[in-house]
Amino acid sequence: MKIAIASGKGGTGKSTVAANLACMLSRTREVALVDCDVEEPNLHLFFPGSAVDVPVTTPVPEIDPARCTLCGECGKFCRFGALSVLKDRVLVFPHLCRSCGGCSLVCPQGAVREVSRTIGRVACSCPVPRLTLVSGILNEGEVQAPAVIRAAKMLAQGHLLILYDASPGIACPVIETLEGSDACILVTESTPFGLHDLRLAAEVVDRIGIPAGVVINRSDGRDEETLDFCRERGLPVIMTIPFSREIAAVQNRGGLIAALLPGWEERFAGLFEAMAKIAGVSP
Amino acid sequence: MIIVGITARAAGTDAPVEQRFGRAPYFVFVDTETGNAESVENPLVDAAGGVGPRAVQIFSEHGATAIITGQVGGNAAKALEAGGIKAYAYRGSGSVADALAEYTAGNLQPLPLA
């Protein structure tokens, strides 16, 4: 089973939910936790340990000046400005390239060759027994987050149980993360901002066709609006984490409430069972 | 013959100069010998990204050997340099014709490209 953890909004507690769920699950079974927030991966902070790095590369064009006639087709085709056809040469801007390969297809001279460029890496570790942590890390200044997410997901492939921690928002990286997931946990907080972004995230999950459940984090006990929205949309609220000094203190130290606070391991076990039911898989 | 490309907010030499380079609404190309001007609507105004190098390509296609604009970004600067196109800064609020007059009078500072 593959469970994605997403939220429209940053700072709602996606990583908290993902890390605690993984911690609870690793007590009794093999689980892979994939950090798909490749621009700011943070799950390794909960699970320190030495990791093995695998570089992520992407194909970018290289022009053979002996064949190029400066016809300009590649530059006209590239909508990201990765190729500038000038009077006497073609200038390549590799970091603007989205690796679509179109330039090599449109070149009538066969002058475009694709070469590999490293844009990030995937760090794999086994920080605690039965837990495999796979973190995608996009190099600074790079734009191809989905490529690194794909690589991270691929390295976790083969595990029976995989958790994907998505990046905030609802842009391409989140879509890439959700792709192929059996179910999605939408983490929200009961503020107007939380609800606004939950609305957007619920829409995305719905469009992709993934069943979802909602976790309300930092609840002050007045969640009526969020609950109303979830009822309206048929989204089950499967867990509520209260706003509490005790929980905040554990989090601040980089600790996991499933491991350190009584009662929470059971509650995360309940969350997992609820998700399995939503996904229609036996837990 | 020197063709100078100027970033502008509208077509024609009476249009105000646009400070942005790749996202300027119009590019006005002026032949400094004949005084002929050609205005080209910039197709990149709403493009997702990478507009700098693509704008340079448009200037290059129109045979511009010098451009006048407010400022250029890093990628555009690289393309301009590789293409042997000189860039000059016009930070005033005048028209394309005003900027061109300043240029021919030698009053414009070249933009650093490297």
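**Exercise 1. Overall build of chain A**

Find what share of the contacts in chain A between residues at least 6 apart in sequence join residues at least 24 apart.

*Solution.* Start with the term: a contact means heavy atoms within 4.5 Å. Among contacts in chain A between residues at least 6 apart in sequence, the share that joins residues at least 24 apart is 72%. Next, the basis. This is a predicted model, in which local features need pLDDT of at least 70 and side-chain atom pairs count only at pLDDT 80 or more, while totals for chains, interfaces and linings use all residues. Residues are numbered from 1 along each chain as its sequence is written, chains are lettered from A in the order in which they are written, and side-chain values use heavy atoms, with hydrogens and water left out.

Chain A has 10 helices and 11 strands. These are DSSP runs: helices (H or I) of at least four residues and strands (E) of at least two, numbered from the N terminus. Taken along the principal axes, the C-alpha atoms of chain A fill a box of roughly 70 × 40 × 35 Å. Of the 283 residues in chain A, 52% are buried. Buried means under 20% relative accessible area, exposed over 50%, and partly exposed in between (1.4 Å probe, protein chains only).

**Exercise 2. The interface**

Describe the contact between chain A and chain B by area, residues and polar pairing.

*Solution.* Take the area first. About 1300 Å² is buried between the two chains, and carbon and sulfur atoms give 53% of that. Buried area here is the accessible area (1.4 Å probe) that two parts lose on being put together, summed over both. In chain A, the residues that lose the most area to chain B are A:Leu86, A:Lys87 and A:Phe93, together 35% of what that side buries.

Then count residues. Chain A gives 18 residues and chain B gives 13 residues.

Last, the pairing. A salt bridge is a side-chain nitrogen of Lys or Arg within 4 Å of a carboxyl oxygen of Asp or Glu. Seven residue pairs are in polar contact across the interface, both at pLDDT 80 or more. A polar contact is a pair of N or O atoms within 3.5 Å; within protein, one must be able to donate a hydrogen and the other to accept it, and residues adjacent in sequence count only if both atoms are side-chain atoms. On the side of chain A that touches chain B, helix H2 (73-77) and strand E4 (83-85) are the elements that give two or more residues. E4(A) supplies the largest share, three residues.

**Exercise 3. A salt bridge across the sequence**

Explain why the pair A:Arg27 and A:Glu265 ties together parts that are apart in sequence.

*Solution.* Check the distance. The closest N and O atoms of A:Arg27 and A:Glu265 are 2.5 Å apart, and the pair forms a salt bridge. A:Arg27 lies in the loop between helix H1 (14-26) and strand E2 (31-35) of chain A, and A:Glu265 lies in helix H10 (residues 264-279), so the pair ties together parts 238 residues apart in sequence. A:Arg27 is partly exposed at 36% relative accessibility. A:Glu265 is also partly exposed, at 26%.

**Exercise 4. B:Glu18**

Decide whether B:Glu18 is buried or exposed, and find its side-chain partner.

*Solution.* B:Glu18 sits in the loop between strand E1 (3-8) and strand E2 (26-31) of chain B. Its relative accessibility is 8%, so B:Glu18 counts as buried. Its side chain makes a polar contact of 3.4 Å with the side chain of B:Arg9.
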